[in-house]
Amino acid sequence: MTDPTPHSPDDVPADGPAVGRDEWVARHDERRLARGRLLGPLEERLRRVPWWAWLVLFIALLALVPAVSGSGYVRRVAFDTVLYMLLALGLNVVVGWGGLLDLGYVAFYGFGAYAYAVLDSDKFGVHLPTLVAIPVVVALGAILGLLLGLPSRRLTGDYLAIVTLFFLQLFQTVMTNGDKAFGHNLTGGPNGILRVDPFHAFGHSLVVQHQGVFAVSYYYVAIAIFAVVFVALWLVNRSRTGRAWRSLREDPLAAEAMGMPVSWLKLMSFSFGAAVAALTGTAFAALNASVFPLTFYFTLLIIVYTMVILGGSGSQPGVVLGALIVSPVLEMLREPAKGRILFYVVLVGGALVAFRVSRRLGVIVAATVAFGFAAHAIANAVDHSWVAGEHAGGVSGALAHWVVVPAQLARWLTPVSYVGLIGMALVLTLVYGRLRVALLVPTLYLAAFVWENVMLTNPEPARYIILGLLLIVLMILRPNGLLGERRVEII
Amino acid sequence: MAKTLLELRGVSLAFGGLRVLTELDLSVEEGEIVSVIGPNGAGKTTLFNLITGIYEPDEGDILLDGQSIVGLQPHQISRRGVSRTFQTLRLFLNMSVKENVMAAAYGHTHAGIFRSMLRTPGMRREEREIDRLAEERLAFFGERLMGYRWNQPAYSLSYANRRRLEIARATAAKPSLLLLDEPAAGMNPVETHEISELIGRLREEGGYTILVIEHDMHVVEGISDRVVALDHGVKISEGSFDQVATDPRVVEAYLGTKATATK
């Protein structure tokens, strides 16, 4: 018998096992093409479409929104969504590429809005042309980012998070108390700054409302800003600076040893994120014609972070998609009718994802439906007032005969059902097999009960709870976000 | 005689009360391959960290091309022509294989952020050069780093190929002095043999001066012009492989004295 260990890579027969060659990876393309006669080549085709073609398509679709719906409300939501996309893109520079946990991000957004308000309002009687004001505000935002970066450049992780969080609080405090700064009213305090100029250039002003309906002009301006920012960041990411930013995220020590000035790169990343946020702030202030300190606080910070994490931190299309999902969902949850649709779609969709199309799913759906009608019938038979709340709550159709909505909800029932639901969900994670299926049915029903009776009557907290649930479910299914690249830690 | 590229003069470093390196003198001539050997904890990797500026020596001076590099930031030292690999691999795992190498070209390229946004002709030219450089450095490893896509993320590489990629990345910084920290660690006999040949080729074809830490004595014997042995932060022997390998102090450092050794 010969020695099985080959002595040189040349000894290895061409079709034999190749030592040290990553066979699985090498055949990635073959596998992809073998996926099917239709799907494989289609994926290959789609992969070859250049990035700017996707961007043009996306922007064309965005631009069509006002044409599809004349409603001022829809246009306004679309405008806000574009602003959120911009915010997410800016945060992606700091968090997704630089790998820096910046919890003060929305302070830069607020700074941009305030700076624009100061430069273009009756507050100090300054009315700079927009084409001057915007570059000034963006430059100031970048400088502020640099200033915050200077003391924090040696910090990473938790420590950086604390310092930046403090910065957000500082911004908040200064803006709220700025009406008594050394005897001058600089920021308007809690009342903010009012009567901020709209965008205006060459003697024309962009009107916010046209005959009482939200005018599309601002929307198109926002889309234009979005396109410019997206392209600029895309090109930076595919340059020496972008590669250095991502190297810094992966391993700062190795990046430094490979000739990259880590401290400077961190400052640049901070500064760029801040500049994008400040730019977005100008559009926000101009559209709303006013700024208030509490707009730029934790709720907004959490929403923007949700978008970035949900979409896939580090991926530009990902964070845009995150904004595109989260912003309309939050809007829909304001209205019971739309929120209800969303809730049941998520419920059914979640079950579909968890169990696929299987007999078990069929059993669960059938059992839940039957359970509901039975519970409703029993409640109706015992006391009609137990199920008389449907119309007050706006429940209609088959749903009205399924979910129990009492006319008068007993005081104790709210916390009990709420806590009960959480308890049931926790128990579900501990049991397996048939018991889990059996317990899932009442849990689903209880969820619907809580939704109809408790959450819909308090839409404001319910919005964020639903957002949190959405995030938890998605993080379990796709830990790196919807479009995020697969990530590995150092192993 | 060739000129001295790297010179350490009486370098000492202590972490608190622990003296990691004591009064170390070391010089590396241009074009030489010098191996540093010694038991675990002898201070070999600390030596590399000192040369690359991650630590600063408490005493002594480190000269590169006759100029002191003590007190410079690691990225400044990298720009002066010192590049390294890490004993515990430190690749940019979530970036593509090619991007790992391209990233290391940062030090000798110039396009700023705004030029990148505008894609100026100069920036495009530089980008093409970086691209070509990366492909050339990866091609150096033959089919080992060619056979599959350069666009795969680095984490998809096998352990041995990660080591190769680290060397490719280090050379993309265009160094004159290359520090290799245990390049053959964790490799099988075939791959170890390959690495020895590769280090020779790095000098012949790349023109690098190489300082290498290695535990595998076959590799050390095969490649070294000179061997330096460290123990407890002190240089205990220096010379050709045969001289060092037979030096009683080196044998003692590795195996203990006759009195304590059994058998």
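Visitor: How many residues of domain 1 of chain B are in contact with residues of domain 2 of chain B?

Guide: This is a predicted model, where local features need pLDDT of at least 70, side-chain atom pairs count only at pLDDT 80 or more, and totals for chains, interfaces and linings use all residues. Residues are numbered from 1 along each chain as its sequence is written, while chains are lettered from A and ligands numbered from 1 in the order in which they are written. Chain B is divided into domain 1 (1-81 + 175-263) and domain 2 (93-173), with bounds that come from an automatic or database domain assignment. Taking a contact as two C-beta atoms, placed from the backbone, within 7 Å, 8 residues of domain 2 of chain B meet residues of domain 1 of chain B numbering 11.

Visitor: Which element gives the most to the side of domain 1 of chain B that touches domain 2 of chain B?

Guide: Elements here are DSSP runs numbered from the N terminus: helices (H or I, at least four residues) and strands (E, at least two). Those giving two or more residues to this side are α2 (74-79), β7 (177-181) and α7 (189-206) of chain B. With 3 residues, the most is given by α2(B).

Visitor: How many charged residues are on that side of domain 1 of chain B?

Guide: The classes are nonpolar (Ala, Val, Leu, Ile, Met, Phe, Trp, Tyr, Cys and Pro), charged (Asp, Glu, Lys and Arg) and polar (the others, Gly among them). This side of domain 1 of chain B has 5 nonpolar and 4 polar residues, and its charged residues number 2.

Visitor: Which strands stand at the edges of the 6-strand sheet of chain B?

Guide: Two strands pair if DSSP finds at least two bridges between them, and the order in this open, mixed sheet is β6-β7-β8-β3-β9-β10. Each edge strand has a single partner, so one side of each is left without a neighbour in the sheet; these strands are β6 (82-84) and β10 (234-239) of chain B.

Visitor: In β8(B), what is the bridge partner of B:Leu180?

Guide: β7(B) and β8 (residues 209-213) of chain B run parallel and are joined by 5 bridges. In β8(B), the partner of B:Leu180 is B:Val212.

Visitor: What angle does the direction of α7(B) make with that of β8(B)?

Guide: Angles run from 0 to 180 degrees between N-to-C directions, with axes fitted as lines to C-alpha atoms, for helices over the stretch in contact. α1(B) lies across β3 (33-37), β6, β7, β8 and β9 (226-231) of chain B, at about 150 degrees to β7(B). α7(B) touches β3, β7 and β8 of chain B, and its direction makes with that of β8(B) an angle of about 160 degrees.

Visitor: In the 4-strand sheet of chain B, which are the edge strands?

Guide: This open sheet has antiparallel pairing in the order β2-β1-β4-β5. The strands that pair on one side only are β2 (18-29) and β5 (67-68) of chain B.

Visitor: Now chain A: how far apart are the centres of domain 1 of chain A and domain 2 of chain A?

Guide: The assignment gives domain 1 (51-332) and domain 2 (338-477) of chain A. In contact are 6 residues of domain 1 of chain A and 7 residues of domain 2 of chain A. Taken over C-alpha atoms, the centres are separated by 38 Å.

Visitor: Are α10(A) and α12(A) roughly parallel or roughly perpendicular?

Guide: Angles under 35 degrees count as roughly parallel, over 145 as roughly antiparallel, 65 to 115 as roughly perpendicular and the rest as oblique. Helices α10 (residues 240-250) and α12 (residues 262-288) of chain A pack at about 110 degrees, with axes 10 Å apart. α10(A) and α12(A) are therefore roughly perpendicular.

Visitor: Are α6(A) and α8(A) roughly parallel or roughly perpendicular to each other?

Guide: α6(A) and α8 (residues 157-177) of chain A pack at about 30 degrees, with axes 9 Å apart. Among the residues that meet are A:Phe111 in α6(A) and A:Phe171 in α8(A). The two helices are therefore roughly parallel.
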